[in-house]
There are 2 protein chains.
Amino acid sequence: MSCDTKLFFTSDACDALEKFLPRLHADKVFLLYPEPLATLLLPNLGIDLASSGIHPIAHAPGEQNKDLGAAAKIWEHLLENGATRKSILINLGGGMTCDLGGFAAACYMRSIPYINIPTTLLAYVDAACGGKTAVNLKGVKNIVGAFQMPAATIISTQFLASLPAAELLSGWAEMLKHALLTDLKTFERYLATDPFTITQEEWLKLIQESVFLKKQITDADPKEIGLRRILNLGHTVGHAIEAISNTSASATPLSHGHAVAIGLITALILSNIKFGFDSGIIHNAANRVKSLYPAFPLHCTEYDTLLELMHHDKKNRDSDSVSFVLLNHTGQPLESVSVSDEEIRNALDITRDLLGL
Amino acid sequence: MSCDTKLFFTSDACDALEKFLPRLHADKVFLLYPEPLATLLLPNLGIDLASSGIHPIAHAPGEQNKDLGAAAKIWEHLLENGATRKSILINLGGGMTCDLGGFAAACYMRSIPYINIPTTLLAYVDAACGGKTAVNLKGVKNIVGAFQMPAATIISTQFLASLPAAELLSGWAEMLKHALLTDLKTFERYLATDPFTITQEEWLKLIQESVFLKKQITDADPKEIGLRRILNLGHTVGHAIEAISNTSASATPLSHGHAVAIGLITALILSNIKFGFDSGIIHNAANRVKSLYPAFPLHCTEYDTLLELMHHDKKNRDSDSVSFVLLNHTGQPLESVSVSDEEIRNALDITRDLLGL
């Protein structure tokens with residue numbers, strides 16, 4: 001898999017697209033976007049579809065629609081409109097659009113090039129870079145997919161202003177994770193940053209830093225054979241909490257990043273239990289998460305369900321214990337640490353305590 | 001894409017499988033095969049599924065079932081039976097099974113390793129090697145797929161004895177094509193060979209030679225950017241004739257190889273018209289095809305439909321003329337020659353004349 005995705009950091013996605021597109025010598029260009037956001041995203045992108053000759057493809061939004069049926073609709077649209085191996089698919093939207101469109105591009109005629117224009121903070125720093133494309137099947141996330149790098153990812157701050165606070169916080173958790181994987185100084189700088197008050201220029205700088213940290217890791221291990229697994233820091237507990245928040249009658253569904261923010265605190269606590277990770281840093285991190293993110297009601301009666309989910313996570317299928325990414329120190333991850341159910345229960349207790357859940 | 005498929009040429013697929021499988025350290029092994037052939041293929045393979053711990057997965061046979069729904073059933077089966085990234089899928093069957101199973105493996109958890117055990121001559125020399133996996137969509141062949149090399153391909157003559165004559169002839173056409181792409185001496189040797197009288201040992205030698213010729217080409221161009229297109233020799237007209245044989249009320253459906261055998265003669269005639277390819281070789285080739293393959297009723301009233309199909313072939317979508325692989329001389333292919341409708345009509349007239357169609 002080629003790693004040479006061209007990255008643009010800009011405040012004008014249309015300008016970057018107009019600069020990059022001619023390099024690909026595409027015979028046809030298709031633009032995938034989530035249907036309900038058409039009236040928001042398309043004017044914001046600033047492309048006049050009618051005059052540009054770009055073929056629009058709308059998809060139904062939401063993780064529950066990120067499935068094979070949605071991919072099949074894209075393939076049928078490409079086919080009916082004469083897309084060839086020289087055609088390009090542009091994915092304009094959040095992580096769901098990038099995942100779905102990337103997968104559709106990866107498999108149409110055994111792969112055509114695609115460009116991501118992410119429109120959420122989470123997609124900027126996560127789904128839009130790295131080449132992991134996928135759809136869900138039978139409720140299992142990202143079980144069918146392909147590793148296929150985008151030809152370009154255009155990250156533009158023009159979409160930031162219209163993001164709801166919850167969306168901003170969802171992406172911020174992934175940025176905190178990247179900072180934790182870098183070094184203490186970087187992590188402390190992120191903890192001291194208020195995502196609700198910084199300027200567009202400051203955002204662009206932070207996003208660029210975060211994307212480059214991820215890119216270093218994914219370039220070194222594009223197919224997730226080893227190193228890349230460290231990007232799962234906070235996700236073992238995070239995915240489980242996200243899942244129960246989606247099924248629980250008493251709680252509102254959590255955003256991916258909100259669940260990861262909680263999961264990061266649990267991972268730091270486990271890092272302290274197993275490797276003596278600095279408890280002062282954990283307290284600072286927990287205080288920041290507590291002040292930024294709304295409280296989520298997590299009860300010890302839910303531990304059994306959480307553990308069940310962690311054991312069934314695709315990275316843990318063949319094991320009796322649960323495998324975690326933990327940290328020796330900030331910036332020093334350990335990619336596969338076996339953790340017992342009892343240690344996890346302890347860490348969840350402390351997480352609830354520190355976050356006031 | 002890695003090109004290091006391990007190739008086995010044997011008369012005992014089970015023995016080769018038992019030698020190779022341990023190298024992959026698989027946690028679970030799944031075996032895909034076409035349902036109606038279970039009673040034929042599984043005893044012939046010689047594996048006792050119950051005692052081996054291999055999970056069987058049956059699929060509905062036939063090109064019309066090589067679709068996303070069939071792939072989804074395989075993914076669901078893998079998921080329900082706890083397949084991980086360390087699991088292996090073995091595809092036991094003809095080209096359809098190799099294409100479908102290869103695609104399922106390429107996309108399950110963004111790819112798991114797979115092994116092909118082809119059971120038809122056509123699959124030995126075509127679908128089972130080279131890493132082109134795919135399913136059909138809306139009647140368009142192989143439009144959704146992935147380039148993913150098998151970890152191993154086990155070619156065993158044990159399945160040859162039970163092949164119907166038509167299946168043997170279907171594979172033989174691809175072997176004639178490979179010989180045409182090699183050199184005159186090789187091609188003449190293949191023309192002088194009677195596929196119905198040679199021994200198993202002779203078969204193994206010829207198949208090995210044919211597979212290595214293909215492998216040289218696919219290793220040099222795994223993603224079909226250039227050189228690999230020469231493997232489409234005979235397929236532009238072949239695909240079109242195959243398609244009309246499937247829809248015509250007056251004709252029986254042709255096997256892929258039978259249609260390619262006719263297409264090869266048309267390609268040689270066009271090579272003569274455009275580049276003066278030796279007409280003596282064409283006559284020898286046509287006589288051999290005429291003596292081996294049953295006559296197929298091709299009428300000049302079908303030329304319009306054939307031309308329409310050639311213009312809509314996925315390799316020709318963006319062009320007014322039709323692009324052919326032709327030969328300057330035997331073993332000297334030209335990968336993309338523009339041919340006019342009139343030249344094609346002329347070549348079809350001569351094809352019908354030489355083959356007595």
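How many salt bridges are there between chain A and chain B?

1. The count between chain A and chain B is 2 salt bridges, a salt bridge being a side-chain nitrogen of Lys or Arg within 4 Å of a carboxyl oxygen of Asp or Glu. In one of them B:E224 pairs with A:R85, with 3.0 Å between the closest N and O atoms.

2. This is a predicted model, in which local features need pLDDT of at least 70 and side-chain atom pairs count only at pLDDT 80 or more, whereas totals for chains, interfaces and linings use all residues. Side-chain values use heavy atoms, with hydrogens and water left out, residues are numbered from 1 along each chain as its sequence is written, and chains are lettered from A in the order in which they are written.

3. The contact (heavy atoms within 4.5 Å) draws 34 residues from chain A and 34 residues from chain B. About 3000 Å² is buried between the two chains, 63% of it on carbon and sulfur atoms; buried area is the accessible area (1.4 Å probe) lost by two parts on being put together, summed over both.

4. Chain A can be laid on chain B by a turn of 180 degrees and a shift of 0.0 Å along the axis, with an RMSD of 0.0 Å, the superposition being by least squares on the C-alpha atoms of residues with pLDDT of at least 70 in both. The two copies are therefore related as by a two-fold rotation axis. The same surface serves both copies, since 100% of the contact residues of chain A recur in chain B.
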